[in-house]
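Dear colleague,

My notes on it follow directly after.

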Amino acid sequence: MPEEQMATSGARAPARPLDDIDRSILYMLQSDGRASIRSVAERVHVSRANAYARINRLIDDGVIRGFSALIDQERAGQGASAYITLKIVQNSWRSVREKLYALPGAAHIALVSGDFDVLLLVHTKDNRALRELVLTRIQAMDEVLSTRTLLVFEETDLQEGGGG
């Protein structure tokens, strides 16, 4: 399929195979997204030009989707976190995803299999804001049949700890 046709049809060219150097670069950038090209090159034992070209290829291929900061939600004023499971009307995933994406505090949305259809991670100021989000925003969506809220008492980001 020509590249222009793939762009309009939504199809993407497959990513090129990753080698050990690519995987090392990915691991390093997951641990420190602010790493300089020079430090990446030194750590994976390639030239700066090679490291730069590899990172750009990983971005172009969609392997690296972007760069972001790891946030301590509590220190950022978001003291309540929860996973919310949703059962939704069949074939309403795309519509529900767009509505959930627009919610304040939505951090991760996944279509899953099992006893529920969607898993949503949210961060809110406090439990009152969480309650309001669930009862007035999520449960008010016509496509949402039911929800279950699982409060997060403690969380650990594996990427930050080097386990990602």
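**Salt bridges and surroundings**

Arginine 38 and glutamate 42 are four residues apart in helix H3, and therefore about one helical turn separates them. The two residues form a salt bridge, with 3.3 Å between the closest N and O atoms. Both partners are exposed: arginine 38 and glutamate 42. Please note that this is a predicted model.

In the structure as a whole there are eight salt bridges. Side chains of opposite charge can pair when their charged atoms come close.

A further salt bridge joins glutamate 143 to lysine 99, and here the closest N and O atoms are 2.9 Å apart. Glutamate 143 is in the loop between helix H6 (127–138) and S4, while lysine 99 belongs to helix H5 (residues 93–101), so the pair ties together parts of the chain that are 44 residues apart in sequence. As for cover, glutamate 143 has a relative accessible area of 13% and is therefore buried, the cut-off for that class being under 20%. Lysine 99, at 35% relative accessibility, counts as partly exposed.

Arginine 16 and aspartate 61 form another salt bridge, whose closest N and O atoms lie 2.8 Å apart. This pair also links distant parts of the chain, 45 residues apart: arginine 16 is in the loop between helix H1 (3–9) and helix H2 (20–31), and aspartate 61 is in the loop between helix H4 (48–60) and strand S1 (80–88). Is aspartate 61 buried or exposed? With a relative accessible area of 16%, aspartate 61 is buried.

**Isoleucine 37**

Helix H3 (residues 37–44) also contains isoleucine 37. This residue counts as partly exposed because its relative accessibility is 29%, which falls between the limits of 20% for buried and 50% for exposed. Which residues does isoleucine 37 contact, leaving aside its neighbours within four places in sequence? They are Arg48, Ala51, Tyr52 and Ile55. The C-alpha atom of isoleucine 37 is separated by 9.3 Å from that of serine 47, a residue ten positions away along the chain.

**A negative patch on the surface**

Four acidic residues, Asp72, Glu74, Glu155 and Asp157, gather on the surface in a patch of negative charge. One of them, aspartate 157, is found in the segment after strand S4 (144–152). Aspartate 157 has a relative accessible area of 33% and so is partly exposed.

**The chain as a whole**

The protein chain has six helices and four strands. Along the sequence, these elements follow the pattern α-α-α-α-β-α-β-β-α-β. The chain has 164 residues, of which 27% count as buried. Its accessible surface comes to about 11,700 Å², and carbon and sulfur atoms account for 48% of that area. Among the contacts with a separation of 6 or more, 62% are between residues 24 or more positions apart.

With kind regards

Conventions
Residues are numbered from 1 along each chain as its sequence is written. This is a predicted model: local features need pLDDT of at least 70, side-chain atom pairs count only at pLDDT 80 or more; totals for chains, interfaces and linings use all residues. Side-chain values use heavy atoms; hydrogens and water are left out. Patches are made of residues with over 30% relative accessible area and no salt bridge: like charges are joined within 9 Å, nonpolar side chains (Val, Leu, Ile, Met, Phe, Trp, Tyr) within 5 Å. Accessible areas come from the Shrake-Rupley method with a 1.4 Å probe; for residues, only the protein chains shown count as cover. A salt bridge is a side-chain nitrogen of Lys or Arg within 4 Å of a carboxyl oxygen of Asp or Glu. Lys and Arg count as positive and Asp and Glu as negative; His and the chain ends are not counted. The place of a charge is taken as NZ of Lys, CZ of Arg, CG of Asp or CD of Glu. Helices (H or I, at least four residues) and strands (E, at least two) are DSSP runs, numbered from the N terminus. Buried means under 20% relative accessible area, exposed over 50%, partly exposed in between (1.4 Å probe, protein chains only). Contact means heavy atoms within 4.5 Å.
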